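Please keep the sequence and the model at hand while going through the points below.

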Amino acid sequence: ERALEASIENYLTGTCLEEQRGVREAVPFSHHHGYRLGQAGDFNARYAVDTRFLLQFLENTQDEEITRLRDRYDNWQTRILDRFDKLAKKYGTLHLLKRGLDIEDVHLNLMYPAPLASSSARVKQNFEENIFSSTRQVRYSMTNTLEEIDMVLFLNGLPFATLELKN
């Protein structure tokens with residue numbers, strides 16, 4: 001099972017945990033299907049997100065909005081996570097990916113859709129800012145902390161697929 005996980009991870013990201021023990025460098029978007037190697041320790045089971053990649057995406061793509069939140073709240077990261085959690089439970093993650101997240105008068109895009117051939121350079125650049133990642137052995141349960149999912153695929157830190165691998 002671990003060999004299958006490593007093979008899938010290597011195909012998606014160009015590397016795997018066995019090769020990268022302790023290394024957290026991003027794989028360039030244009031290589032290996034655009035996936036970066038995620039770390040299980042970055043997964044927040046309470047909110048069911050990879051906080052490192054979610055916050056990295058938001059800070060890299062929407063600095064003005066993040067600065068407004070930082071200026072208002074000492075706990076701006078928790079505000080984002082709490083608001084996401086509340087709305088994800090009400091509407092679902094797919095709804096939030098499409099519509100974004102509003103915190104008072106601040107709007108945060110949670111992903112940028114694929115551009116059309118006729119799209120502007122800015123729309124194409126926005127799409128390239130998305131962070132696709134794969135993470136192995138994700139501990140997802142708050143009550144049974146040893147429960148693991150073999151592999152989770154994320155878009156900007158938000159899970160969109162889980163893989164339970166069998167040999």
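The model described here is a predicted one.

- E7 and E8, by contrast, run antiparallel and are joined by five bridges, with Phe-154 having Pro-159 in E8 as its bridge partner.
- In a regular strand, the side chains alternate between the two faces of the sheet.

**The hairpin of E7 and E8**

- E7 and E8 form a hairpin that has two residues between the strands, and Asn-156 is found in this loop.
- The phi of Asn-156 is near 55 degrees, which is a positive value in a residue other than glycine.
- Asn-156 counts as buried because its relative accessibility is 0%, where the cut-off for buried is under 20%.

**Helix H3**

- Helix H3 covers residues 51-61, and its buried residues are Thr-51, Phe-53, Leu-54, Leu-55, Phe-57, Leu-58 and Thr-61.
- An α-helix has 3.6 residues a turn, so residues three or four places apart point the same way.
- At the start of H3, a side-chain oxygen of Asp-50 comes to within 3.2 Å of the backbone nitrogen of Arg-52.

**Ser-133 in strand E6**

- Ser-133 has its place in strand E6, which spans residues 132-139.
- Is Ser-133 buried or exposed? Ser-133 is buried, because its relative accessible area of 0% falls under the 20% cut-off.
- Leaving aside residues up to four places away in sequence, Ser-133 touches Tyr-35, Arg-36, Phe-53, Val-152, Leu-153 and Phe-154; one of these, Phe-53, is also among the buried residues of H3.

**Glu-148 in strand E7**

- Glu-148 lies in strand E7, which spans residues 148-155.
- With a relative accessible area of 27%, Glu-148 is partly exposed, because this value lies between the cut-offs of 20% and 50%.
- Which residues does Glu-148 touch, not counting those up to four places away in sequence? They are Gln-137, Val-138, Arg-139, Tyr-140 and Glu-164.
- The side chains of Glu-148 and Arg-139 are joined by a polar contact of 3.0 Å.
- Although Glu-148 and Gln-137 are eleven residues apart along the chain, their C-alpha atoms are separated by 5.4 Å.

**Ala-48 in a loop**

- Ala-48 is found in the loop between strand E2 (43-44) and strand E3 (49-50).
- The phi of Ala-48 is near 60 degrees, again a positive value in a residue other than glycine.
- Ala-48 is partly exposed, with a relative accessible area of 33%, whereas Asn-156, at 0% relative accessibility, counts as buried.

Technical notes:
Residues numbered from 1 in each chain as written. Predicted model: local features only at pLDDT ≥ 70, side-chain atom pairs only at ≥ 80, totals over all residues. Heavy atoms only, no water. Helix = DSSP H or I, 4+ residues; strand = E, 2+ residues; numbered from the N terminus. Buried < 20%, exposed > 50% of the residue type's maximum accessible area, 1.4 Å probe, protein only. Contact = heavy atoms within 4.5 Å. Polar contact = N/O pair within 3.5 Å; in protein donor to acceptor, adjacent residues only side chain to side chain. Pairing = 2+ DSSP bridges.
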